[in-house]
Amino acid sequence: MDTAKVDWSMGSGSPRLADWNLAGEVGRRLAGTGVAVAPADRARLREDISELVALSQSLVAETTGLPAPRLRARAWVMSRGEWISANLRSLQRLLEPLAERIVPGNRGELRRKALGAQMGALLGYVSRKVLGQYDLFLPPDDEGLMYFVGPNIAGAEQKFALPARDFRLWISLHEITHRAQFASAPWLRAHLTGLVDTYFSSIQMDPKELMNQLRRAVQEARDGAEWKGAGAIFLLLSPEQREVFSKVQSMMSLLEGHASYTMNEAAKGRVEDLGRMRRALQVRRRASGIERSFQRAIGFDSKVRQYESGERFVREAIARSGLDGFNRVWQSEENLPTLAEVGDPSTWVERVAGS
């Protein structure tokens, strides 16, 4: 079967929004295959990741104080093309609220193809960078499935001469931490999904309203608001969208920062030359010239900042309130930090963990 022609719609309205087959084709072309890995080395990579994901569950529970999920995690070591296909399926589920608002026949074929090509280009680029992923938007039957992009892991190990098994354990710890977060806070998945749904339901389909939104953004830029990088995206948002955007940004800083903190703490004494591996990832994420501009345009640089600012927040919050005090963050939506509190952890500790 030609996987590029598979219908991923699952009875949804998403095909009215974008050409998903084109998205897959563009993404796979831009992704490339990555470094060549011998069959025996691919088999070893799969075996290592499967074993280390299981080990990571106990290490993460020990480090975070969060209980391990009841069902064991399962590792899928995949190609870049397989990662793109999996994320396109998740995108269709994520974008369904927006797709349902499009009347059949009202979105031209050219627009569908343009959006499909844009999504494919975005995923094609990211597929070259991602090492592992906990897919929050998988169906319930697939809970516990963890993605690991084999050629990217092998490529990083080769380029930076990293100890393979230690590096694989380190990145496994990061993804298992994400799973532990959502397993320990059952309300968190619905909360994040609700924010995304609210954002998409607020997108204006009326051209007149879109023009009004654009005029307001131009006026704010003239009045001195930041208009480069992520600031330009913020200007284009309505007040309701800005509130949602800020909540999502602060939540992602928490989740990514907590995963980075945990992987580094759990790795101490178990992973050789942790400092060199951290430096290697920093170099790998760094971009220059045209690529840096592209990263800013798609928000990839914001993702990198989430790791850094989030880990600073978690470290300081734990230092001030202890692990039990910090873990109050998983108890309710009200205990999540705001963006301001991510930047000043002492205010979150005073509000949530100090009582």
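The protein chain has 16 helices and three strands. The model is predicted, not determined by experiment. Of its 355 residues, 48% count as buried. The chain exposes about 17,400 Å², and carbon and sulfur atoms supply 54% of that area. Among contacts in the chain with a separation of 6 or more, 79% join residues 24 or more positions apart.

**Aromatic rings**

The structure holds six aromatic pairs. One of them joins Phe-326 and Trp-330: the ring centres are 6.2 Å apart and the planes stand at 90 degrees, so this pair is edge-to-face. The cut-off for that label is an angle over 60 degrees. Phe-326 also pairs with Trp-348. Here the centres are 6.1 Å apart and the planes meet at 55 degrees, so the pair is tilted. This second pair links distant parts of the chain. Phe-326 belongs to helix 14 (residues 300-326), while Trp-348 sits in helix 16 (residues 345-353), 22 residues apart.

Which residues do ring pairs link into a cluster? They are Phe-313, Phe-326, Trp-330 and Trp-348.

Are Phe-326, Trp-330 and Trp-348 buried or exposed? Buried means under 20% relative accessible area. Phe-326 has 0%, so it counts as buried. Trp-330 has 4%, so it is buried too. Trp-348, with 0%, is also buried.

| Residue | Relative accessible area | Class |
|---|---|---|
| Phe-326 | 0% | buried |
| Trp-330 | 4% | buried |
| Trp-348 | 0% | buried |
| Trp-83 | 4% | buried |
| Asn-87 | 10% | buried |

Trp-83 is found in helix 3 (residues 80-94). Its relative accessible area is 4%, so Trp-83 is buried. What does Trp-83 touch, leaving out residues up to four places away in sequence? The list is Met-78, Leu-123, Val-126, Ser-127, Val-130, Gln-133, Tyr-147 and Val-149. Val-130 shows how the chain folds back on itself in sequence terms: Trp-83 and Val-130 are 47 residues apart in sequence, but 9.3 Å apart in space, C-alpha to C-alpha.

Asn-87 lies in helix 3 as well. At 10% relative accessible area, Asn-87 falls under the 20% limit and is therefore buried. With residues up to four places away in sequence again left out, Asn-87 touches Leu-123, Gln-133 and Tyr-147.

**The cavity**

Rolling a probe the size of a water molecule over the atoms shows where empty space is left. How many cavities of 30 Å³ or more are there? The count comes to one. About 30 Å³ of space lies in the largest cavity.

Which residues line the largest cavity? The lining consists of Gln-57, Val-60, Ala-61, Thr-64, Leu-66, Pro-67, Ala-68, Pro-69, Ile-176 and Ala-180. The largest share, four residues, comes from helix 2.

Methods. Residues are numbered from 1 along each chain as its sequence is written. This is a predicted model: local features need pLDDT of at least 70, side-chain atom pairs count only at pLDDT 80 or more; totals for chains, interfaces and linings use all residues. Side-chain values use heavy atoms; hydrogens and water are left out. On a 1 Å grid over the protein atoms alone, a cavity is a set of points where a 1.4 Å probe fits but cannot get out, and a pocket is an open set with protein on both sides within 12 Å along at least five of seven lines; lining residues have an atom within 4 Å of a point. Grid points are joined across faces, edges and corners, and a volume is the space filled by probe spheres set on the points. Helices (H or I, at least four residues) and strands (E, at least two) are DSSP runs, numbered from the N terminus. Rings of Phe, Tyr and Trp (its six-membered ring) pair if their centres lie within 6.5 Å; planes under 30 degrees apart count as stacked, over 60 as edge-to-face and the rest as tilted. Buried means under 20% relative accessible area, exposed over 50%, partly exposed in between (1.4 Å probe, protein chains only). Contact means heavy atoms within 4.5 Å. Accessible areas come from the Shrake-Rupley method with a 1.4 Å probe; for residues, only the protein chains shown count as cover.
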